[in-house]
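Please brief me on this protein model. I would like the packing, the charged pairs and a few individual residues.

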Amino acid sequence: MQMSIESWFNLHYYGFGQEGASSSEEDEQEEDEEDDGSKGAPIEEIDDREFPFHDDVFYINVKAPRVRTGFDNLPMEILIHLFRFLNTVDRNSAALACKRWFEAMGYREFLGEMCYHFEEVSICDGAPPIALFLQSFRHFCNIKLTNVRFNGYCEFWDLFGEYIREITFASCATITKSKLSMILKRLPFLESLALEECDELFKSWTPVDRKRVEPVCRCLQKLALRRSSSFTVDHLDYLIAMAPNLASLEISKCLKQVDAPTRVKILTCILAIMERRKKKLRSVDFSYTMYDDLFLKQFAEIENMSLSQISLSFFERAPIKEPGIIDILRCHTNIVHLDLSSFLNLTDFALIEITGSLYRLRTLKLNGCWLLTDFGVESIYKLDCLRVLDLSDCDKISDRGFMKAIVDRRRDCMTELYLSMLPGLTDSVMLKISLTLLNLAVIDFCGSDCMNDTSVQFLFCYLKFLRVLRLNGCVKISDAGLTGENLPVAVIEIWDVQTTFEIAELRSLQELQLSGCFKVTDLALVRSFRFRELRHINLAHCVQISEEGIVAMSLHCPALEEIDLSDCFLVNDRCVEAMTRNLLRLRLLKLVRLPLLTGASIDSLVCHCKALRYLHIRGCNRLPKDSPDRLRKIPTLRNVPKCCSE
């Protein structure tokens, strides 16, 4: 009889499948029991064992045979499916449990989610960390190099180059064209190449011979140039010639320090590249790059090009009638992802054109498009497949436009909603959002006046699948809203029964942002902060939080990895000690302008932090002068504060 997955969980829960559990004596005893036909002793259940599933799950298939096995013998397909529910850090920890789980981590989907970041190190065989990586038996798919030094030949690329799919060079001042070519030659299956702040590379890369292009990366699908202003037309042509199968081109945050004639030449070159590669090109990203409306007009004139993703930002003055962006949208009707953040001249008529022609749109980002009004936003109701919507900082939007666009129809597929810095929305729209968008996983209402104690109660009541909740600057929120106690009006009132809710109802919450909510005190942290999956929390400028709340949070939120307590003036040494002792996964900690911290906090960090990578600690006047030297004893710390008293 084939065993169901419920039985596998049942077996592991009650202790079956442990290594060494079956011996020769036990096997003989089992055979005797089978011959006699007598029943064995009942299994002793352990009541105090913590397990993330309800017991009812395990009795769906009670009649299945109980075989001595466990999670270590699960079929690989089931194990991979279970690992998809874990984040990257949890999967890495689970891979250390047994060989079977480690093999599951070798699945390409999981390897692609991990990025090995080499920062401010020397890339050579004889120095760490490359010397340690040369002895590794696992593969690396995603590599990022930030401000590294290249010293001669490195065997790392020969050993692991065939497994690398993505590589990023960021602020690498010592890299040259020959060194870059040497590395790329050893990456035969590279799919993504990104060059960030590599002006030194382009300045030393002269002259460029386009007739002898090497290497040729035939698997390269994406090329990205970010925050660079020194590349020329020859550099672009050379890089594009290296990737004959290029499908995604990104030139973002570039050309800011370039004179007008040179910028025109580069933009003309970009258009020529798009014309040559139009049959294979599927995604372009020119966000925060300097160009004009003429560039957009010529962009729209490229025929027989079908793009699915477009990201554009525009800062120049555009014509009121028939701007270039409308021509682009009329040509590319198969767009799925559209990001027009900071497109300052986007009007209501352009938005109506978007919603009228892009029926397949799933992601629409209009952050900072301050010309939009309710007239244009109302047309968003036409987008049936919309999953992600960003209307942050569009301060002319009110309840009327948003209700018509989103709330007046059921949207079960929408998962992310960003509405920060919208003074026109009121708390009355929050109930409609909570009742309509039941599957939201990400909500951002930073700085919006519509968020108060009653509004957050609606979120806690209806949006049970929230994973990210950002409420920075929502100064109306207090302990009453987070705990559900002492509210002037109950959220649900039926006859004489009044029901309120607390933030602990969001059991899947992984990120919580409450920076600037100065009315939040220790009461909320003690009574309602019980999250098993919370990884990121921001409590900066919550000036009433003290030792009692921090200690309770560190005990009831064991998965915390990133904490920001900047400007929480009542945080003292005992708070730091509680966090370092109880939060074993702590990776980032911000302790800025905390006058009560002394050398005891430094001792706690050095003694208990085993995984801390980033520490921001400054403006703490009572810290000793030798604090930076003592913090260097933390082996995992990547940034040692130079001066802790500034």
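Predicted model: local features only at pLDDT ≥ 70, side-chain atom pairs only at ≥ 80, totals over all residues.

Residues are numbered from 1 along each chain as its sequence is written, and side-chain values use heavy atoms, with hydrogens and water left out.

**Nonpolar cores**

- A nonpolar core here is a set of buried Ala, Val, Leu, Ile, Met, Phe, Trp, Tyr and Cys residues joined through side-chain atoms within 4.5 Å.
- Buried means under 20% relative accessible area, exposed means over 50%, and partly exposed lies in between (1.4 Å probe, protein chains only).
- The largest core has 187 residues. Phe169, Leu364, Ile433 and Phe529 have the most contacts inside it.
- Helix 12 (residues 260-276) supplies the largest share of this core, seven residues. Helices (H or I, at least four residues) and strands (E, at least two) are DSSP runs, numbered from the N terminus.
- Another core, of five residues, lies apart from the largest one. Val388, Ala441, Val442 and Val468 are among its members.
- Ile433 is in contact (heavy atoms within 4.5 Å) with Phe402, Val407, Leu417, Leu419, Leu440 and Phe445, leaving aside neighbours within four places in sequence.
- In soluble globular proteins, nonpolar side chains tend to be buried together.

**Salt bridges**

- The structure holds 26 salt bridges. Each one is a side-chain nitrogen of Lys or Arg within 4 Å of a carboxyl oxygen of Asp or Glu.
- Glu196 pairs with Arg227, and their closest N and O atoms are 3.3 Å apart. Glu196 lies in strand 6 (residues 192-196) and Arg227 in the loop between strand 7 (222-226) and helix 11 (233-242), so this bridge ties together parts 31 residues apart in sequence.
- Glu196 is buried, at 9% relative accessible area. Arg227 is partly exposed, at 36%.
- A network of salt bridges links Glu196, Glu197, Lys222, Arg226, Arg227 and Glu250.
- Glu275 and Lys278 form a salt bridge through their side chains, at 3.0 Å from N to O. Glu275 is partly exposed at 36% relative accessibility, whereas Lys278 is buried at 15%.
- Arg467 and Glu533 form a salt bridge at 3.9 Å, N to O. Arg467 sits in the loop between helix 19 (453-462) and strand 16 (468-470), and Glu533 in the loop between helix 21 (522-528) and strand 20 (536-538), so the pair ties together parts 66 residues apart in sequence.
- Arg467 is partly exposed, at 36% relative accessibility. Glu533 is partly exposed, with a relative accessible area of 36%.

**Ser313**

- Ser313 is in the loop between strand 10 (309-312) and helix 14 (324-331). Ser313 is buried, at 1% relative accessibility.
- The Ser313 side chain reaches the backbone nitrogen of Tyr288 at 3.4 Å. That is a polar contact: a pair of N or O atoms within 3.5 Å where, within protein, one must be able to donate a hydrogen and the other to accept it, and residues adjacent in sequence count only if both atoms are side-chain atoms.
- Not counting residues up to four places away in sequence, Ser313 touches residues including Phe286, Tyr291, Ser341 and Phe343.

**Gly599**

- Gly599 is in helix 24 (residues 599-608). Gly599 is buried, with a relative accessible area of 17%.
- Gly599 contacts Arg622, Leu623, Pro624 and Arg630, leaving aside neighbours within four places in sequence.
- Gly599 and Ser627 are 28 residues apart in sequence and 7.5 Å apart in space, C-alpha to C-alpha.
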